[in-house]
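These are my notebook entries on what I looked up in the structure shown below.

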Amino acid sequence: MTDHAAIERVFRLEYGRVVATLIRHVGDFDLAEDAAQDAVTAALTKWPSTGVPRNPGAWLTTTARRKAIDRIRRRVNYERKLSELERRISAEDQGQDDTVATGVDDDQLRLIFTCCHPALAVEAQVALTLKTLGGLSTEEIARAFLTSATTLAQRIVRAKRKIHDAGIPYRIPGKDEMPERLDAVLTVIYLIFNEGYAATTGEDVIRSALCDDAIRLGGSVSRLLPAEPEVLGLNALMQLIHARREARAGGVVLLQDQDRSAWRRDEIDAASALLQRAVAAGRPGPYQIQAAITALHADAADFASTDWDQIRLLYDRLLSMHPTPVVALNRAVAVAMADGIEQGMDVIDALKDGLGDYPWFHSARAELLLRMERYEEATVAFQRAIDLTNNQGTRAFLSTRLAELT
Amino acid sequence: MHEEYFKFTERITARGINLGGEALAGVETATTVQVRDGRTLTTDGPFAETKEILGGFYLIEAADLDAAVAVAAEIPGSWSGSVEVRPLWDWQNGKMAE
């Protein structure tokens, strides 16, 4: 396994861990990243002939540490820092060989909580997390979020400066801060997933690579904090949604129109098992509930046999935890399906003030109006939804729905 | 409220992290100074853009931002209004103080 693609996969997997450990050693984001890049370069020249080492993460960490020392050595005024660093590393290397990487997990956790610190703007949290933990390049992140690489690079530089200047700590939060801080981490991962799942701008509706990145990050957090049910809940949720990707390919496809045989049954089963583990902890939360709703859809053999009563109950619960307009809108659809279209319509109309500019509000209304055979109003609602969306795939889908009507 | 502030000040002093601080008189006493083209413009009132009013400040010692935030959360003003946390500028080294 020495081909370029295999090496690439190893990097994606190990990069975040290597950087996390290095930041602890050198106490400097930029130096850690530069040294990790040096190690990757070294691996790229070496591994094709020697093969990938047995523990590539440890190899990369050791190499990166040496590269970090090289870099510091080159800067004369860092003499003091160098001896300090060498002292710390040699102390840690006592009686420890390269294949055992103790403390690596904690390093990664520290880094996650630093990147997702609430003192940073959310966009900065997302960018930093993808860069340092996801191993994505600035260009890749810029492409995924449709900003210029320059803007994104500035955002990252500013975030790193704030981490340093404001004294954002590199540590795992204490017990009392944990719920709030973990929530911030999960929000970042879910934002990354959502941008991949339902892109707000651009041409493609699903940007699958971002979904994969989010799922990979979620997996790391869950491995590091195995006892947190909401982490499991988020992972189950993302995997359940992602299992439907092939049935959603090529544009927006409504749940009722999806080819359910294209859903990845094995992935759904694995995600459902995760959800069961989460629920067994007896500490419900919004991610677990959303995952449960998605699991009910996944379990229905076809759209008609969906358990809408159960889904409606779950939405009631979600709304009481998270009273946001978007949750209320989704609940309205569940009400329409469980209790009757008119009841659902009443709930939707009551949400007009908060969601007037949200395209999915108008498209959900349009779909219900269609079922009530109020075609003219449905046409107006679809047109409003089209006017409000910036994603070309979504717009194309809504236009097709509109064209079918007129 | 005064009582709460008194207790807070006592607590941080006991922990040895109270480096100073002052309360400011109300904004009706504020005067804004701007020098433009060598001329000093003095106007009454706080900065025109000011939406929130600085009532005073504490200078505290904290290991990192989380520690500083924990102390800020003890300031009674943060229970109804807000408290802004900022590091001190280190004049000697031209960067933020460690």
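Before placing any residue, I noted that helices (H or I, at least four residues) and strands (E, at least two) are DSSP runs, numbered from the N terminus. I also noted that this is a predicted model.

**Entry 1: a residue in a helix.** I looked up Arg223(A) and found it in helix α10, residues 208–224 of chain A. Is Arg223(A) buried or exposed? Arg223(A) counts as exposed because it has 12 C-beta neighbours inside 10 Å, and a residue is called exposed at 12 or fewer. I then took the distance from Arg223(A) to Val188(A): their C-alpha atoms are 17 Å apart in space, and the two residues are 35 apart in sequence.

Entry 2: In chain A I noted Glu373(A), which is not a glycine and has a positive phi of about 60°. Glu373(A) sits in the loop that joins α18 (359–371) to α19 (375–388) of chain A. Glu373(A) has 7 C-beta neighbours inside 10 Å and therefore counts as exposed.

In chain B I noted Asp37(B), whose phi is positive and near 50°. Where does Asp37(B) lie? I found Asp37(B) in the loop between β2 (31–36) and β3 (39–44) of chain B. Because Asp37(B) has 5 C-beta neighbours inside 10 Å, I recorded it as exposed.

Entry 3: I examined strand β1 of chain B, residues 18–23. None of its six residues is buried, so β1(B) lies largely in the open. I traced its pairing with strand β4 of chain B (residues 56–60), which is antiparallel and runs over five bridges. For Ala23(B), the bridge partner in β4(B) is Gly56(B).

**Entry 4: the contact between the chains.** How many residues does each chain bring to the contact? I found six residues from chain A and five from chain B. On the side of chain B that touches chain A, three residues are nonpolar, two are charged and none is polar.

**Entry 5: confidence.** For chain B I noted a mean pLDDT of 84, with 89% of its residues at 70 or more.

Methods. Residues numbered from 1 in each chain as written. Chains lettered and ligands numbered in written order. Predicted model: local features only at pLDDT ≥ 70, side-chain atom pairs only at ≥ 80, totals over all residues. Buried ≥ 20, exposed ≤ 12 C-beta atoms within 10 Å, placed from the backbone. Contact = placed C-beta atoms within 7 Å. Nonpolar A, V, L, I, M, F, W, Y, C, P; charged D, E, K, R; others polar. Pairing = 2+ DSSP bridges. pLDDT = per-residue confidence, 0-100.
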